[in-house]
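I opened my notebook for this one and went through the fold piece by piece. Here is what I looked up, in the order I looked.

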Amino acid sequence: MTDLVIDQFNRIEKVSAGCQHHDFGKCKKGHFMFFGNSSIQFDFTERYSLRQILFEGRPLLASRSGNELFVLSFVDCEGNPSRLSSADFLTVQAFSGKEVLRVIFSGHNAMPGLKAVVAVRLQDGEPLAHWHIALENISEQFILEWIDFPGISVPYDLHERGGNGKIFWPGAEGVVFDELQTRENSEYFKGRVLSYPLNGISGYYPGTCPMQFMAHWNDDAGLYFAAHDMHHLPKGVELICEGTDSVRLFYQIFCGNHVSDHFSLPFSLVTGGFRGNWENAALIYRKWMEENDKSLPEKLFSNPQIPDWLKESPVVLIYPVKGNGFDTGSVSGNEYFPYSNALPTVRRYAARWNCRIMALLMHWEGTAPWAPPYVWPPFGGEEMFSEFGRALHDDGNLLGVYCSGIGWTQSSSIDTGYQRKKDFEEKHLENIMAAGPRGEMRATICNGPPGIGQRIGYEMCPACDFTINTVCDEIRKITESQVDYIQFFDQNQGCSAPLCYNSGHGHPAAPGQWLTGAMSHLLNESMRCASKSGRPVILGCENAAAQPYIRYLPFNDLRNHLAWAFARPVPAYSMLFHEYINNFTGNGVCLAGWFDRRKSPQFLQFRMAYSFISGEVLSVTLKKHGEIHWSWVCDWEEDGPDQEILQELIGNLNDMRRGAAHDFLVFGRMQVSCPVRCNHWELHFTGRRSPISLPWVLSSNWSFEERTAQILVNCNTEKEAVRIEFPDVRRGLLICADGKKSSFCERSLKLEIPGLQPVMIEFQREEAGHDA
């Protein structure tokens, strides 16, 4: 393999690891080699770890000694890990060609024959470098588990350190950090290296991280760091503080394959410079994605698998039929049971908002709440359930259900009378459960005793026929009723597949590309099963569906609100994928516990406005008496938000979404927004987190076919003055929620937006500019 790499170049220069002279970079004390082009340059240490990346002369990495260039994790036949670092190889050689650098590492004490070849490729003066790594002579006693590559650390120049830096992380549909201490202090959300078993909220792709890019930027420049992986290997996408000076951005790439003495990463990690913020970084990733990722479906506008009702923008009402808004306590029917008891509430909201309503049910299972994989029959019986669905359809409304994914429940922690231990033992189901490297079987997602988790159990491996057959059988039963939407893959956040090391399932003894393939196959079979009903039934998951799973899951329960526990959300998912998929706001689980509802009662108004400008279908969670509540897992006895304000706001927003802004917010392509200046308010949190300032007016920019528009919404009850700055003189129409229009031709635009109202600025075609 090494000879083939070298032979690609007409002119090769060889440099020993200890050499003090070379022909393709000027030596400095402590600096070994420069490599780059007119836009971007790389400064390596003597051991070929990264010292610095310079973009147009501006440093992008933390000013510190270089990290290890890579870390390799192997497991032996008993599941014991071994970590090998690039810094520990005995011999390092470098070879350069035009815009290509090859570095060969060999001679490691722990695995003497192992050789690692790293390639860095530049192209046509672009400020992007493509990194590859290949291994040969892997000892037969080990299987490659994961690779951490290349070592990247950025300055810890965020607000809490007195700087103006920010970091984008692709968790929870897009998160921006201007301080990290809140997350570092959280045991649940803190960044970590992934291991079996996964917890619910982590930097796991494809899963709770639905995309594969990170970014750091400040007033000078930005670093783009992405996995341009069209094969969608499982990986950790994370950021971890390194003391007080730097933050490690890393990709932990699970590359377990069948026992082999070689491995070549089938994609490139990309580092590069850019100017702007997360939106500009997202455009780089979107360009790569659209040119290379074959897993993307048809765009929503023309996709025949998308039902008309989704394109018509229903509002989703989320409520349980058992209990009182918690995953503990009573499992008896509540005021929404029998199911028909909810019909007056559904009809009231349908009339108020002049649209279809989807009743999306929680705690409806006849088994036990959140006790996967079995959900059927429904609580109260099939006939009562189907009658409710027919009554909804007669009114023009819709029925959806939550399920619980591909976990396995031994016993329910909510309904302690429900258990499947006998089935587990009689069918020897331990043989199909996802297992760790030592054969251990554990689960953490929604797992725990009463008061801590919803169930006691395990996770089923998606590569096993039992898993596929069980999921399809449950979906078939549901689709034979009157259901329009099945959020089946709850607990599989982003449709994540559990890590599995059990090669007895017919897959390799470590997670890798096979895992994404197995989950995709399971989803494809599930979708085919749902389509056999003869009605347009679609599937979804908890969190936005990760990139390779969008084609199977066009409508999902978003979790961008999770960012409020430690940072703030940005609509990066919409910027990348909105043309292919419309999701809904979600049930906001746990959100009510993170912000001070007394000091910041307007927050739910802000959240609805955020959903609207992100292109999401609006949803609300109900408490008793059909009232809108703060979120799921919030006491029904607690006072809810102002009902009239929220109902008016949702009605105004959905009228605009279904009217003048329909093509943009349902089918459109999100673009970089024109800056908007307006007044702000303070969001207060529970705990020690300091308040943050948020705008009263939210805004997003869209294109559809040859049209472009900027859409704004005032979530305050009072009118708000705003100023929109255009990059050049713009001509267009200002369209108000009531349909009134006025023309303008300005370099900037001053407006007063009435309380709880959206407006749309549609630009004339000849003046509008947007990326290709």
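**Entry 1: a helix across a sheet**

I started with helix α8 (residues 465–479), which lies across β25 (398–402), β28 and β29, and runs at about 160 degrees to β28. A reminder to myself before going on: this is a predicted model.

Next I looked up the sheet itself. Seven strands form an open sheet with mixed pairing, and I noted the order as β29-β28-β25-β24-β23-β31-β32. Which strands stand at the edges? They are β29 (538–541) and β32 (628–629); each has a single partner strand, so one side of each is left without a neighbour in the sheet.

I then checked one pair in detail. Strand β28 (residues 485–489) pairs with β29 in the parallel sense, over three bridges. In β29, Ile538 is the residue that stands opposite Tyr485.

How do α5 and α12 cross? The axes of helix α5 (residues 343–353) and helix α12 (residues 643–658) come within 9 Å, and the crossing is at roughly 55 degrees. The two helices are therefore oblique to each other.

I listed who meets whom. From α5 come Arg348, Tyr349, Arg352 and Trp353, and they meet Gln643, Glu644, Gln647, Glu648, Ile650, Gly651 and Asp655 in α12. Sorted by class, this contact has three nonpolar, three polar and five charged residues. A note on the helical spacing: an α-helix has 3.6 residues a turn, so residues three or four places apart point the same way.

**Entry 2: the nonpolar cores**

I looked up the cores next. The largest nonpolar core has 250 residues, and Trp131, Trp364 and Phe489 are those with the most contacts inside it. Another core lies apart from it, with 15 residues, among them Cys674, Phe744, Leu749 and Ile753.

**Entry 3: Ser412**

Is Ser412 buried or exposed? Ser412 has a relative accessible area of 4%, and the cut-off for buried is under 20%, so Ser412 counts as buried. I found Ser412 in strand β26 (residues 407–412).

Leaving out residues up to four places away in sequence, Ser412 touches Ala368, Pro369, Tyr418, Gln454 and Arg455.

**Entry 4: a hairpin**

Strand β3 (residues 40–44) came next. Four of its five residues are buried, so β3 is largely enclosed by the rest of the structure. β3 runs antiparallel to strand β4 (residues 50–55), and five bridges join the two. Across this pair, Asp43 stands opposite Gln52 in β4.

β3 and β4 form a hairpin with five residues between them, and I marked Tyr48 in the turn for its positive phi of about 60 degrees.

**Entry 5: an enclosed helix**

How many residues of helix α11 (residues 603–613) are buried? The count is 11 of the 11, so α11 is largely enclosed by the rest of the structure. The buried residues of α11 include Arg607 and Gln605, as well as Phe603, Leu604 and Phe606. Just after α11 comes Gly615, with a positive phi of about 85 degrees.

A cis peptide bond joins Phe149 and Pro150, with omega about -20 degrees; Pro150 lies in the loop between β12 (142–148) and β13 (152–155). A cis peptide bond also joins Tyr196 and Pro197, with omega about -10 degrees. Pro197 is in the loop between α2 (181–184) and β16 (204–205).

Glu173 is not a glycine, yet its phi is positive, near 70 degrees. I placed Glu173 in the loop between β14 (166–169) and β15 (175–177), and Glu173 is buried, with a relative accessible area of 3%.

Val633 has a positive phi of about 65 degrees, although it is not a glycine either. Val633 sits in the loop between β32 and α12 and is partly exposed, with a relative accessible area of 28%.

Technical notes
Residues are numbered from 1 along each chain as its sequence is written. This is a predicted model: local features need pLDDT of at least 70, side-chain atom pairs count only at pLDDT 80 or more; totals for chains, interfaces and linings use all residues. Side-chain values use heavy atoms; hydrogens and water are left out. Axes are lines fitted to C-alpha atoms, for helices over the stretch in contact, and angles run from 0 to 180 degrees between N-to-C directions. Angles under 35 degrees count as roughly parallel, over 145 as roughly antiparallel, 65 to 115 as roughly perpendicular and the rest as oblique. Contact means heavy atoms within 4.5 Å. Ala, Val, Leu, Ile, Met, Phe, Trp, Tyr, Cys and Pro count as nonpolar, Asp, Glu, Lys and Arg as charged, and the others, Gly among them, as polar. Two strands pair if DSSP finds at least two bridges between them. A nonpolar core is a set of buried Ala, Val, Leu, Ile, Met, Phe, Trp, Tyr and Cys residues joined through side-chain atoms within 4.5 Å. Buried means under 20% relative accessible area, exposed over 50%, partly exposed in between (1.4 Å probe, protein chains only).
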